[in-house]
Amino acid sequence: QAQLVESGGGLVQPGGSLRLSCAASGITFSNYAMSWYRQAAGKERELVAAITSAGGSTNYVDSVKGRFTISRDDAKNTVSLQMNTLKPEDTAVYFCNAYWRRTNAIKFDYWGQGTQVTVSS
């Protein structure tokens, strides 16, 4: 049974840093592209950062480029999001996602329960 568990959220002042972690179990982690999404109150969920299954490629939403870094450790089945220079507009629930397109017809898509990040003075 696939499970993704996020940790590391909390309250931080503007300009501060947080590191989110997502621990995966029940899946062959190295097969999966891993992503972080966020959803602010009253807004749609948006992709924040993603890393390919081999870890060779990353991408970020423009609003976090240069501030956030996604990384993965396939030996530990974890993906992390280092968030620096946080802004109030980064406040949201952050979700971990694991996605594997085995074939065009067979896809696996799993979500964590989310962790709250609040940036406020």
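Biologist: How many disulfides does a search of the whole structure find?

Modeller: This is a predicted model, in which local features need pLDDT of at least 70, side-chain atom pairs count only at pLDDT 80 or more, and totals for chains, interfaces and linings use all residues. Residues are numbered from 1 along each chain as its sequence is written, and side-chain values use heavy atoms, with hydrogens and water left out. Taking a disulfide as a pair of cysteine sulfur atoms within 2.5 Å, the search of the whole structure finds 1.

Biologist: Is the disulfide of Cys22 and Cys96 left-handed or right-handed?

Modeller: The bond joins Cys22 to Cys96 with an S to S distance of 2.1 Å, and it links distant parts of the chain, Cys22 in strand E3 and Cys96 in strand E9, 74 residues apart; strands here are DSSP runs of at least two residues, numbered from the N terminus. Because the torsion about the S-S bond of Cys22 and Cys96 is about -80°, the disulfide is left-handed.

Biologist: Is Cys96 buried or exposed?

Modeller: Buried means under 20% relative accessible area, exposed over 50%, and partly exposed in between, with a 1.4 Å probe and protein chains only. Cys96 has a relative accessible area of 0%, so Cys96 is buried.

Biologist: Which residue in E5 stands opposite Tyr37?

Modeller: Two strands pair if DSSP finds at least two bridges between them, and E4 and E5 pair in the antiparallel sense over 5 bridges. Their hairpin has 6 residues between the strands, and in it Gly42 takes a positive phi near 75°. The residue opposite Tyr37 is Leu47.

Conventions. Helix = DSSP H or I, 4+ residues; strand = E, 2+ residues; numbered from the N terminus.
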